[in-house]
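Have the sequence and the 3D view open as you read.

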Amino acid sequence: MRNRLAHETSPYLLQHADNPVDWWPWSAEAFAEARRTNRPVLLSVGYSSCHWCHVMAHESFEDRATADYLNEHFVSVKVDREERPDVDAVYMEAVQAATGHGGWPMTVFLTPDAEPFYFGTYFPPAPRHGMPSFRQVLEGVQQAWTTRHDEVSEVAGKIVRDLAQREIVRQAAEAPGEQELAQALLGLTREYDPQRGGFGGAPKFPPSMVLEFLLRHHARTGAEGALQMAADTCERMARGGIYDQLGGGFARYSVDRDWVVPHFEKMLYDNALLCRVYAHLWRATGSDLARRVALETADFLVRELRTPEGGFASALDADSDDGTGRHVEGAYYVWTPGELRDVLGDDAALAAQYFGVTEEGTFEHGRSVLQLPQTEGVFDAEKVASVRRRLLDARALRPAPGRDDKVVAAWNGLAVAALAETGAYFGRPDLVEAAVGAADLLVRVHLDDHARLARTSKDGRVGPNAGVLEDYGDVAEGFLALASVTGEGVWLEFAGLLLDHVMDRFADPETGALFDTASDAERLIRRPQDPTDNAAPSGWTAAAGALLSYAAHTGSEPHRAAAERALGVVKTLGPRVPRFIGWGLAVAEALLDGPREVAVVGPGPDDERTAALYRTALLGAAPGAVVACGIPDSDEFPLLAGRTLVDGAPAAYVCRGFVCDLPVTDPQALRTRLTAS
C-alpha cells in the first residue's frame with residue numbers, strides 16, 4: 001500500500017494520509033496508472049469540516065477490508081473541493097443531472113479518461129434506508145467494469161456528451177434595469193418568511209448576497225420593504241442558534257426554519273460576508289444589534305481563524321470531542337441546565353432564561369443551543385456580561401473543534417473587504433491592520449511574477465492549484481475595499497492586475513460571459529461556468545462587481561464594458577431566481593446608481609476636517625460607491641487628479657455617469673450628495 005497524500009497542503013487530504021487506502025491526489029499520474037492497469041477510478045470529493053465526509057472516512061476508508069478491495073480493483077483519487085472547485089463543479093453537475101441531488105462526500109466512478117459513469121454521495125458500511133452499502137457499490141461497479149466494459153464506456157461517453165450540450169442560460173445583451181430589479185424584489189418578497197426572517201424553508205442558509213442586494217436597493221430607491229426584510233432577517237439570525245452567542249460568528253446553516261439548531265461548522269466565507277452585511281446594516285440604520293454582531297464577527301475572524309502568516313483559515317469543524325473521546329457534532333457549543341449550574345451557580349437560572357436553555361433541550365440529549373429568545377423584559381447588562389464571560393471561559397476548557405488551516409484566496413479576499421470596512425466604520429484600526437496583513441499574504445505568497453493567483457496556501461507555502469474566477473473576483477474586491485479605506489493606491493494597482501487576467505483569460509470574447517477556469521487551465525471533461533451564487537458570490541458576479549468598481553476608480557471604459565456585458569446574465573436570471581443571484585443583483589444596483597465616485601482632498605491624513613469628510617464618504621450608502629482620499633493632485637488615485645482645495649479648505653468631489661457636482665467642504669453637504677437619487 002502506498003498512500004500519496006502525506007505531502008499535500010490540503011488539511012482534508014492530510015486527514016486521509018494515514019488511511020489504508022492507496023490514495024492519489026488529483027493528477028495526470030493517477031489517470032495514467034488507471035490506464036496502465038485498466039482499472040476504474042474512484043473519485044472521492046469532500047472538505048475538512050464536512051461531517052458526513054468524516055463519517056464515511058471512519059466507516060469505510062479506515063477499514064482495512066474495504067481498503068484492500070479498493071486497492072486491488074480501483075485507482076482511488078481524493079479531492080478537496082475547496083482546493084479544486086473546478087473538479088468539484090464538473091462532477092457535481094454530473095451527479096445532480098443523474099440523481100437530482102448532490103452533496104458531500106461526493107463519490108463518482110470514472111473511466112481512465114476521467115469520464116464519469118456511476119454516481120453517489122455518502123454510502124454506509126451496511127445497507128441502510130434503501131441505500132446499498134459502500135462495499136456493494138464497489139463490487140457492482142467492479143463487476144460492470146470487467147463484464148460489461150463496452151456498456152460502461154458507452155454510458156460514460158453519453159454522459160460527457162450530455163454535459164457538453166448543457167448550456168448556461170443565454171445571457172441578455174445588456175445589463176438589467178429598473179424593471180428587472182423590481183421583479184427580483186417582488187420574487188424575493190414572495191419567498192420571504194415574515195414570521196422567521198430569511199427565505200424558503202428548512203434547511204435555512206444565511207442569505208448574505210441577497211441581503212446586500214436588499215440594502216443597496218433600499219439605499220438607491222428608498223424601498224422600505226427591502227430594508228425591513230434585510231433588518232428582520234439579520235435580527236432573527238443574530239438571535240438564533242446559528243449565531244454563536246458567546247464567541248461571535250455564524251455557523252454554516254440552520255437545520256430548522258427558526259434558526260435554532262445550526263450545522264455547527266463555521267466557514268470563513270460565511271463570516272466574512274455576514275460581517276460585511278451587518279456593518280452595512282448598521283450604516284443604513286444605526287442598529288446597535290448590527291454594530292455588535294459586525295464587531296463580534298470581525299473579532300471572531302481575527303481571534304479564531306487568523307493564521308500565523310496573517311491569512312485566514314478556511315473553517316472550524318462541526319464536530320469535537322465531547323469529553324469522552326467521542327467526536328460529536330456541536331459538543332463545543334451546547335449546554336445543559338446542569339452545566340450552567342456547575343459554571344454559574346446562582347446565576348444559572350438567569351442564564352437559562354436569557355439564552356433559552358431548557359431541561360428538555362433544543363438540540364440532542366437534553367442539550368441546548370444558546371439563543372436570545374427574549375424580545376421583551378429587562379436583564380441586568382452587567383450580570384449578562386459576567387455570565388457570558390464565565391461561560392466563554394468554561395467553554396475554552398472544552399476540546400476545541402479542528403481547524404482547516406489552508407488559506408483560500410477567494411475567501412481571504414472576502415475577509416479583507418469585511419475587516420477593512422468594519423474597522424473603518426467603527427474606529428478599529430486593528431481590524432484594518434488585519435485586513436492589510438491578509439492582503440499582504442495574498443500578494444507575497446499567492447501572486448506570482450505575472451500576477452497569476454494560486455488558489456491556496458498553508459503555513460506560508462503556496463499550493464499547487466491555479467486560482468479560479470472567484471479567486472480573482474473576490475481578491476480584487478478585497479483590494480478595492482482596502483484601497484478606499486487606507487488611501488493607498490497600490491491596492492488599486494494590484495486589483496487592476498488581477499482584473500486584466502479576468503478579461504484576458506476568463507472572458508468569452510464573443511459574448512462577455514465568464515468561465516470559472518482560465519483559458520489555459522487544466523482541461524477537464526467540461527469547462528465549468530456558473531453565474532449563480534452558492535455559499536459565496538459566484539466568480540462571474542464577483543468579477544463583474546470588481547470590474548465595475550475598478551472602472552469607477554480609473555475611468556477605464558473596457559473594464560466598465562466588461563462588467564456590463566457580464567451582468568447580462570443577471571437580466572436573464574434575476575427576475576426568475578433572485579435568491580440565487582443576489583450578488584449579481586447587488587452589482588446591478590451599483591451600475592444603476594453610477595456607481596458614484598468620491599474624491600476627498602486635504603492637506604494631509606492628520607487634518608481633522610479632511611478626516612471628517614473622508615469618514616462621511618466611507619459611510620455613504622450609495623450602492624458600490626468608490627472613495628479615494630489624498631492630497632490635491634496626488635497621483636495615488638486617478639480620482640484625485642485635478643482635485644484642489646476650495647478656498648484652502650479640504651473638499652469632496654462626487655461624480656457619476658461622467659458628470660461631477662460642485663465640490664463641498666461640509667460633511668453634511670457631502671452626506672446629502674451621497675443619499676440624493
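**Cysteines**

Keep in mind that this is a predicted model. It holds two disulfides. If you want a quick reminder, a disulfide is a covalent bond between the sulfur atoms of two cysteines. Here they are side by side.

| Disulfide | S to S distance | Angle about the S-S bond | Hand |
|---|---|---|---|
| Cys-50 to Cys-53 | 2.3 Å | 80° | right-handed |
| Cys-655 to Cys-660 | 2.0 Å | 105° | right-handed |

How are the bonded cysteines paired along the chain? Number them in sequence order and you get 1-2, 3-4.

Now, is Cys-234 in a disulfide or in none? Cys-234 is in no disulfide, and the nearest cysteine sulfur, that of Cys-275, is 12 Å away. Looking from the other end, the closest cysteine sulfur to that of Cys-275 is in Cys-234, and at 12 Å this is too far for a bond. A pair counts as a disulfide when the sulfur atoms are within 2.5 Å.

What about burial? A residue counts as buried when its relative accessible area is under 20%. Cys-50 has 4% relative accessibility, so it is buried, and Cys-53 is buried too, at 3%.

**Cavities**

Next come the empty spaces. Rolling a probe the size of a water molecule over the atoms shows where empty space is left.

How many cavities of 30 Å³ or more does the structure hold? There are two of them. The largest cavity has a volume of about 110 Å³. Its lining is made up of 14 residues, and those that lie nearest the centre are Gly-241, Tyr-243, Asp-244, Phe-264 and Tyr-333. Sorted by class, the lining of the largest cavity comes out as nine nonpolar, two polar and three charged residues.

The second largest cavity has a volume of about 90 Å³. If you'd like to find it on screen, pick out the residues that line it: Glu-212, Leu-273, Arg-276, Val-277, Leu-414, Asp-474, Glu-477, Pro-537, Ala-542 and Trp-583. Two elements give two or more residues to this lining, namely helix H11 (268-285) and helix H18 (469-486). Which element gives the most? H11 does, with three residues. The class count for the lining of the second largest cavity is six nonpolar, no polar and four charged residues.

**A pocket**

Pockets are open, unlike the cavities above. The second largest pocket holds about 610 Å³ of space. It is lined by 37 residues, and the closest to its centre are Arg-283, Gly-620, Ala-622, Gly-624 and Ala-625. By class, the lining of the second largest pocket divides into 22 nonpolar, nine polar and six charged residues.

Turn now to three strands that form an open sheet, in the order E13-E14-E15, with antiparallel pairing. Why do E13 and E15 each have one side left without a neighbour in the sheet? Strand E13 (407-408) and strand E15 (461-462) stand at the edges, and each has a single partner strand, so one side of each is left open in this way. E13 is joined to strand E14 (residues 456-458) by two bridges, and these strands run antiparallel. To see how they line up, look at Val-407, which stands opposite Ser-457 in E14.

**A lysine in a loop**

Last stop: where does Lys-204 sit? Lys-204 is found in the loop between helix H8 (178-191) and helix H9 (208-221). Is Lys-204 buried or exposed? Lys-204 is buried, because its relative accessible area is 1%. What does its side chain contact? The side chain of Lys-204 makes a polar contact with the side chain of Asp-193, at 2.9 Å.

Technical notes
Residues are numbered from 1 along each chain as its sequence is written. This is a predicted model: local features need pLDDT of at least 70, side-chain atom pairs count only at pLDDT 80 or more; totals for chains, interfaces and linings use all residues. Side-chain values use heavy atoms; hydrogens and water are left out. On a 1 Å grid over the protein atoms alone, a cavity is a set of points where a 1.4 Å probe fits but cannot get out, and a pocket is an open set with protein on both sides within 12 Å along at least five of seven lines; lining residues have an atom within 4 Å of a point. Grid points are joined across faces, edges and corners, and a volume is the space filled by probe spheres set on the points. Ala, Val, Leu, Ile, Met, Phe, Trp, Tyr, Cys and Pro count as nonpolar, Asp, Glu, Lys and Arg as charged, and the others, Gly among them, as polar. Helices (H or I, at least four residues) and strands (E, at least two) are DSSP runs, numbered from the N terminus. Two strands pair if DSSP finds at least two bridges between them. Buried means under 20% relative accessible area, exposed over 50%, partly exposed in between (1.4 Å probe, protein chains only). A polar contact is a pair of N or O atoms within 3.5 Å; within protein, one must be able to donate a hydrogen and the other to accept it, and residues adjacent in sequence count only if both atoms are side-chain atoms.
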